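Have a look at it first.

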There are 2 protein chains.
Amino acid sequence: MREVAIIGVGLTKFGELWEQSLRNLYVEAALKAIKDAGVDHIDSMYVGCMSSGLFTGQEHLGALMADYLGQAPVPATRVESACASGGAALRMGYMEVASGQSDVVLVGGVEKMTDVGGDEATYALATASDQEWEAFNGVTFPGLYAMMAVAHMERYKTTVKQLAAVAVKNHLNGTKNPTAQFPAKISVDDVLNSVMVADPLHILDCSPITDGAAAVILCPADKAKKVAKHGAVKILASAAATDTIALHSRKDLAALDAVAKAASVAFSLANKKPSDIQLCEVHDCFTIAEIMSTEALGFFEKGKGGPAVEAGETAIGGKIAVNTSGGLKSKGHPVGATGVAQAIEIVEQLRGQAGARQVAKAKIGMTSNMGGTGASAVVHILEAL
Amino acid sequence: MREVAIIGVGLTKFGELWEQSLRNLYVEAALKAIKDAGVDHIDSMYVGCMSSGLFTGQEHLGALMADYLGQAPVPATRVESACASGGAALRMGYMEVASGQSDVVLVGGVEKMTDVGGDEATYALATASDQEWEAFNGVTFPGLYAMMAVAHMERYKTTVKQLAAVAVKNHLNGTKNPTAQFPAKISVDDVLNSVMVADPLHILDCSPITDGAAAVILCPADKAKKVAKHGAVKILASAAATDTIALHSRKDLAALDAVAKAASVAFSLANKKPSDIQLCEVHDCFTIAEIMSTEALGFFEKGKGGPAVEAGETAIGGKIAVNTSGGLKSKGHPVGATGVAQAIEIVEQLRGQAGARQVAKAKIGMTSNMGGTGASAVVHILEAL
């Protein structure tokens, strides 16, 4: 297998972008990534997207985006893995370059979520759960994560203030990110006094509904330094894993076993361990998800994720900087784009281009993208070249 | 890149399977393929599916199918490329094995289309066209292919009897295929006297709405003969291409340029030419699509596809046997499964297991899977091992 690098990145603004369409968002991010990389062609492209069928009545996104990007006849493939669609698309692009089939591959993720009403968006998102056993019975994602939070609080004495501390940290990081949807500084009291969505999760424990797109350009690592206009970052490992789709089938509601499995494979492929990582973008669709992710990734022991965030260990400057971008919570969560956007944050940090949120001496970073309640997990480890 | 082989195949019955669910169909095909291959594990899996969100309210198919197949935590990814989703999934699995990332990969395709009414199914299928410029204005797939048929008839004097000859041949082949949805022998008059859907396409020019699944097992070609219980088939080439998603942007309504491009890449990778191929499964979603496909693939000159089918050149025993399985027309068209099912027909023929529809001395076969009106094309060339 060839080694693979990211040589260009492009992000749209994240937010309620009513004047932007699904295709415009993808094309904007892709053109930025192509320009940033400085390449004059692409050999193949991917589109990570969860549910354009339900959100916009459009499937067949590979061909659509190749067409609107002016890139037909290059091969173009859409990849879906619920909220891990972006990470899964990155993994496909990685394998295409690694296999030797293509040299320059564009991987973009996109979701246009605000063209439908809230009920329809909630329905569309619930298709990431088990339709026959969860969604059909009326439970939606805040409810599912609330059950996981309750289990974690029961088992490990995790507190609602620790959950809130995740939101407070991520919104603070988001104030330093110009693409963030909600770059507002908030307090623990703001979270605890906000509307309850599904006990114990308040609305400020939840990531928002977001429009946005993210794209990266991949090429073989041995050509990356020569080709890249603005710096290259090597993909040390790309790994994915799955768990039961329905919560009721899990061995442990308070653990993310697919994340742990993908991380274990990734650490092994990269020959690294958690203490080698200086920063990580994790999938904080709800605050409890960040706490459980930092445990599953091996940064903290099980049950220690809550106290760690409260003690500032996951802040910029802490033991391991988690979600320096603001995370899904503050930056926003256009579901199909998220996995790619996570990689972009790590690339910008490893290139030293993260401005006010720069992590000092960042050499190795990691992303952890999840689908559903953790039934899909995709993990990447990245190193400055 | 490593060479890749197909070592196991599994198909469900195709039809209106009201007692089967989306997940059951996939699992049935996957278990058959695993048993046929004789493998005791898989390293990774793919799910080709076009629009489970709109057909059944279920996305996140990778994790869902891994779970119901009892294969979690293996990586599982859903691939969408409209009606070419199955072919695209096969290409992803091919690259994963070729890259060296995995040794044993399951690639399945599935669609459960009959859980919704006809209007909803027509809407779901129309999401493969350009939502903003085609579907939104009310045109559906029979209308789009009717425009292509009219252009082809105008340019090349193709006749409605030649269109009907495709249906007659494929339904005859389908009578020899136990999994076919409509294994009924029909005549040219039956086609011409059937209900007009979109002039010049009668209902017997159209492929049906179908439930079904198909699955194959891939492994490195150098291990295939040793591993495979029932014979192995090498993938000589896997290629994909795109065209404009909307018909109005095409240079030529009477040509399938993405199919031609993918075929040209595939022939080059395989170091073969059209005359080396003894049989081909093409994407006859409408009769005109088969005629245009046999031209785009290089089996006949442009404009000669119609006379060729009328003269029996594409029948079993003719110059090149096209759609020996019965094709989408007679076998059925569960859209996400089709690309994988096409590969299975070629495998069975190259193994000499095709029974009454066996092509004599079949050594090299080909599949051509399309999405939309040909905006996506995926081509595979297979050789007996």
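Start at Ile217(B). Setting aside neighbours within four places in sequence, Ile217(B) is in contact with Ile6(B), Ile7(B), Gly8(B), Ala33(B), Ile34(B), Ala37(B), Val39(B), Val104(B) and Leu106(B) (contact: C-beta atoms, placed from the backbone, within 7 Å of each other). Buried takes 20 or more other C-beta atoms within 10 Å of a residue's own, exposed 12 or fewer, and partly exposed is in between, with C-beta atoms placed from the backbone.

A word on the ground rules. The model is predicted, so local features need pLDDT of at least 70 and side-chain atom pairs count only at pLDDT 80 or more, while totals for chains, interfaces and linings use all residues. Residues are numbered from 1 along each chain as its sequence is written, and chains are lettered from A and ligands numbered from 1 in the order in which they are written.

Now over to chain A. Its domain assignment gives domain 1 (4–117 + 210–233) and domain 2 (128–208 + 236–384), with bounds from an automatic or database assignment. Taken over C-alpha atoms, the centres of the two domains are 22 Å apart, and 37 residues of domain 1 are in contact with 37 residues of domain 2. Which elements give two or more residues to the domain 1 side? They are β1 (4–11), α4 (85–99), β4 (105–111) and β7 (212–220) of chain A, where helices (H or I, at least four residues) and strands (E, at least two) are DSSP runs numbered from the N terminus. The largest share, eight residues, comes from α4(A).

On to the backbone. Most peptide bonds are trans, and most residues other than glycine have a negative phi. The bond from Ala72(A) to Pro73(A) is cis, with omega near 15°, and Pro73(A) sits in the loop between α3 (61–68) and β3 (76–80) of chain A. Another cis bond joins Asp199(A) and Pro200(A), with omega about 15°.

In chain B, His60(B) has a positive phi near 65° and counts as buried because 32 C-beta neighbours lie inside 10 Å. Lys157(B) also has a positive phi, about 65°, but this residue is exposed, with 11 other C-beta atoms within 10 Å.

Note on methods:
Contact = placed C-beta atoms within 7 Å.
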